[in-house]
Amino acid sequence: MPYNFLYINLETQANLLLKNEKSLPKTGDTAGEILNNNANMEIQGANKQLTVSFRNMQLKRIKRAEKKGTESVMDEKFSLLFKSQFAIGGGQMVYQVWTLSLPVVVIVHGNQEPHAWATVTWDNAFSESNRTPFQVPDKVPWSKVRETLSQKFKAATGRALSEDNLHFLADKLFRGNFMQSTTQAVSWGQFCKEPLPERTFTFWEWFYAIMKLTKEHLRGPWEDGAIMGFIKKGRAEELLQSCPVGTFLLRFSDSELGGITIAWISETREVLNLQPFTAKDFVMRSLADRIYDIHELITLYPDSAKEFYFEKYCTSLESTPSGRNGYVRPMLVTTVPKDGFNTPQHNSSFATPDLNRDTPSVAS
């Protein structure tokens, strides 16, 4: 069976290889050392296809190119070089073939993951088929960006973004200057380099954190349509103001990365917003359990009983009060304090909320 090797190359090395396709790459012309990078190709009896599995492969060291301007390690692209050698005619004719992978980004810490995924996403979505490795446009029309965001979100969470969701994202991405045009250009800087107004994080960091939270902790309710998610705080207040007491909706936080908050109409007709929950909160207790804990939450906007959407995701209560070794097992329950925050006074008539008004959040 053919013997196969895997190497890692810099962007410049990949470019040189493609410019001179007849010249096989040299073993030493790599950007790093990969352990366990060779294996035999095997034929699959069912479909007669050849496959190879590189087991326990590990990148031992990496050689990086010099950075230009504001470039970071998360902007740098590498390519995996797959090289194979096989013989036919009883070994009389030996062939060597090779190909390059799509770009990859090498990181050393988890906090570099969001930006690295931005680099890969921008490259995979917007590069030309016959480009010089790994050139990408600095600007692309919103029509392409919106399609990419929706596909990415659906692949991760099971449900695509709606037109309302995409309009919200466009307004955030263009910093409130969206001109309702699919041809309006989005720059790489807007996408993942420049912080959002009055924030310390970029658009992509915010979007990626929400996508990760939804994938890991909110997938079921999101697929069911129970999470409105992409809506401004002021707009959420406007929708809830005319609803019965106890009506609530779920909104992704604008101020906290990977956060989701619950807004509801209280007995005083004030729209309150619960302090955002993040992944670390849902590790301890799920969203459905927390919604069931809070008795003030009765109806999911506009008019669905919360049991309809969330009961199936609740943790069943154990009938035995004692845990192992005779200890009583404690239970974590989410509650809303009856005091501890100032509730504004209102007249008997209620005006439409200001969409830019920042109402207080309630700590659970």
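Thr200 is exposed, with a relative accessible area of 78%, where exposed denotes over 50% relative accessible area, buried under 20% and partly exposed the range in between, with a 1.4 Å probe and protein chains only. The model is a predicted one, in which local features need pLDDT of at least 70 and side-chain atom pairs count only at pLDDT 80 or more, while totals for chains, interfaces and linings use all residues. Residues are numbered from 1 along each chain as its sequence is written, and side-chain values use heavy atoms, with hydrogens and water left out. Thr200 belongs to the loop between α5 (188–192) and α6 (203–224), helices (H or I, at least four residues) and strands (E, at least two) being DSSP runs numbered from the N terminus. Although 55 residues separate Thr200 from Ser255 in sequence, their C-alpha atoms are 9.4 Å apart in space.

The protein chain contains ten helices and 16 strands, and of its 364 residues 42% are buried. Among contacts (heavy atoms within 4.5 Å) with a separation of 6 or more, 60% join residues 24 or more positions apart. The accessible surface of the protein chain is about 20800 Å², and carbon and sulfur atoms contribute 50% of that area, as computed by the Shrake-Rupley method with a 1.4 Å probe, for which only the protein chains shown count as cover for residues.

Helix α4 (163–173) packs with α6 at an angle of about 155°, their axes lying 12 Å apart. That angle makes α4 roughly antiparallel to α6, since angles over 145 degrees count as roughly antiparallel, under 35 as roughly parallel, 65 to 115 as roughly perpendicular and the rest as oblique. The axes are lines fitted to C-alpha atoms, for helices over the stretch in contact, and the angles run from 0 to 180 degrees between N-to-C directions. The contact is formed by Asn165, Phe168, Leu169, Lys172 and Leu173 on the α4 side, and by Phe203, Trp206, Phe207 and Trp222 on the α6 side. The buried residues in α4 are Asn165, Leu166, Phe168, Leu169, Ala170, Lys172 and Leu173, and their cover includes α3 (142–157), β10, α5 and α6.

Just after α4, Arg175 adopts a positive phi of about 55°, although Arg175 is not a glycine. This residue is placed in the loop between α4 and β10 (185–187) and is partly exposed, with a relative accessible area of 22%. A positive phi is also found at Asn56, where the value is near 55°; Asn56 lies in the loop between β5 (50–51) and β6 (58–62) and is exposed, at a relative accessible area of 67%. Most residues other than glycine have a negative phi, and most peptide bonds are trans. The peptide bond from Tyr301 to Pro302, however, is cis, with omega near 5°, and Pro302 is situated in the loop between β14 (299–300) and β15 (304–305).

Lys77, in the loop between β6 and β7 (78–88), counts as buried at 8% relative accessibility. Its side chain makes a polar contact of 2.8 Å with the side chain of Asp123, a polar contact being a pair of N or O atoms within 3.5 Å, of which, within protein, one must be able to donate a hydrogen and the other to accept it, with residues adjacent in sequence counting only if both atoms are side-chain atoms.
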